[in-house]
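User: I want to learn how to read a helix-helix packing. Can you walk me through one?

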Amino acid sequence: MMLAALLLVTQVAVQDPRLERLDPDTRVAVAAVVDSAHGVGLPVEPIIQRALEGVTKGASGARIVAAVRRLAVDLGTARTALGTSAAEAELEAAVAALRAGATPDVLANLRDVRRPPLTIALAVLADLVASGVPADSAAAAVLALAPKARDADLVEFRRAVERDITLGAPPGAATSVRLNAGAFDAPGTSSTQGNPNTPRRRSRP
Amino acid sequence: MRTLALIGLACGVSVHGLCGQVTANVEAGITHVQYDGFLASGAASISPTMRWQHPAGRGFLSARGTYLQFQSGRRSLDGSANGSWFTPLARHWRGELGVAAGASDYASIASFSHGQIDARLHVMDEDRGGWLAATLGRSSFGGGPRPVTVLAVGAWLLRDDKTMFLSLDRSFIGDTAYTDLRSSAQWRRARIVLEGVVGARVWSRGGGRGVFGEGSATLTLGRQAALVLSAGRYPTDVVSGSLAGRYVTAAVRLGTITIRRPPLPALPTNPHASGSNGSSSMETRLEIRAQQDDEVQLTLFAPGATAVEISGDFTDWRPVPLRRNPASADAWVASFRISKGLHRINVRRDGGPWMAPGGTTRSADDYDGEVGVFVLP
């Protein structure tokens, strides 16, 4: 039985010649992860790519195996949240969002409120967090926009937040302002008076 | 202010995650002002500001001071602080509870102080919303404090890079009462922000009346600098004790302003993530242009490099040398077949370490390094 299992995983490795770049022990371990992922219907290309990335970067076999295992787990989490019909690109973007701090519930909510593909929405979510926006604020913003906004709208939203941050706004506030506008920016409000990041009347004597 | 300074200090030495939520800047400028009933005067101003934003976006604390030195030799000192706490967004609703306090002094002749509590209810949709607000507080000018009550209602509309507001508030400060109707618009593009406010004070008893309007332009000059030009007329604020006046001001703002490169064409990459926080962006910048079918041209700007390689999931992570662009010594180009979706990329120059290029979203790569992430829509 052990021999059969070994032959099986080795066969996967042989089937994809790109894995020849891995040392034999690592190749067997990575092939096992690939085969396991394939068995449960997860995309294997991202896993193979993650292994190849490790090779190029001179990572040890142990690090490569740990990375592909972690990715496989994250892909599984993403698939559970987004559903079995999720495309490979969506799952990869979902993994990026999860690692940025989004929760599986956020992904599931996004799936419920927006028609696929979700790739751009998920990428925008990950981008916002990478910009320094707190994960829950970024998730709330994307979820609020998701039902109606087009992909281009989401990209523009992210750019608008970028512009606000460029002008000195804290990332969380920039997102809230862009999403809620009036909540932080309403003229004559206490919030406005205390917001150091809006130029309004800054230079008034 | 002391508390905020302590928060900033604490962030600086121990709570790295919060530091991204602290901003501070100083604005220095010259102004020409004429307060109602007074002669026109020139003045120099300096105004430090500090703000702390809750990491989860649930609130903020802010403090600001202004020192004005007039031509006459007299000076004005003003300080204020406020904070707000926001409830989580519940479908279209969000609550806000805020506090504010401030004090001002003009040449040891006139001194004001005030403190207030605000409650606000926001309703918001994707690109529009409104709010209801009530404020209770005290305002003091020399003698005993006077009660302050303000009721306000407002609406906002977001259109692309423009934001428009309309608000109506009724203020009661002791025996004084007035209503302000205000409309404003804000337009942002690249490094410029233009903003205008017009309004009218009506139904006034002791608070003056008339129309007012202000405009400002902010131009980001550099990594931590911006030029601010503003002018207009504003009404008396009985709560904080600011007199109505006309002014023209030019100021330079120095502080936490960061430069971003313009967004790349057709790609939702994140210049900030790798553009302003890491050294890699200082050395390389990637532009991605989709061509026909899955053909994508990558252009890497790497000033001073003698060799540039690229590696990514679209090369099966095999390093591929780029060729120098004949038209630009700093630009290196290559074309690849790249499918739609999320992609990971690294670059290296002159055989150095693999880096996430500027113009992509920088992310940890599982191998103690960084990888650039971009999406082809």
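Analyst: Start with handedness. A crossing is left-handed if the near helix is turned anticlockwise from the far one by less than a right angle, and right-handed if clockwise. Keep in mind that this is a predicted model.

User: Which secondary structure elements does chain A have?

Analyst: Chain A holds 12 helices and 0 strands. Along the sequence the pattern reads α-α-α-α-α-α-α-α-α-α-α-α.

User: What describes two packed helices?

Analyst: Two values do: the angle between the axes and the distance between them. Take helix H5 (residues 88-100) and helix H7 (residues 119-130) of chain A: the angle is about 20 degrees, and the axes lie 8 Å apart. Angles under 35 degrees count as roughly parallel, so H5(A) is roughly parallel to H7(A).

User: Is the crossing of H5(A) and H7(A) left-handed or right-handed?

Analyst: H5(A) and H7(A) cross in a left-handed way.

User: Which residues meet in H5(A) and H7(A)?

Analyst: H5(A) brings Ala89(A), Glu90(A), Ala93(A), Ala94(A), Ala96(A), Ala97(A) and Ala100(A). H7(A) answers with Thr119(A), Leu122(A), Ala123(A), Leu125(A), Ala126(A) and Val129(A). By class, this contact has 11 nonpolar residues, 1 polar and 1 charged.

User: Now the whole chain. How much of chain A is buried?

Analyst: Of the 205 residues in chain A, 62% are buried. The accessible surface of the chain is about 7400 Å², and carbon and sulfur atoms own 59% of that surface.

User: And what share of contacts in chain A joins residues 24 or more positions apart?

Analyst: Among contacts with a separation of 6 or more, the share is 54%.

Terms used
Residues numbered from 1 in each chain as written. Chains lettered and ligands numbered in written order. Predicted model: local features only at pLDDT ≥ 70, side-chain atom pairs only at ≥ 80, totals over all residues. Heavy atoms only, no water. Helix = DSSP H or I, 4+ residues; strand = E, 2+ residues; numbered from the N terminus. Buried < 20%, exposed > 50% of the residue type's maximum accessible area, 1.4 Å probe, protein only. Contact = heavy atoms within 4.5 Å. Areas by Shrake-Rupley, 256 points an atom, 1.4 Å probe, with all protein chains shown as cover. Axes fitted to C-alpha atoms, helices over the stretch in contact; angles between N-to-C directions. Parallel < 35°, antiparallel > 145°, perpendicular 65-115°, else oblique. Nonpolar A, V, L, I, M, F, W, Y, C, P; charged D, E, K, R; others polar.
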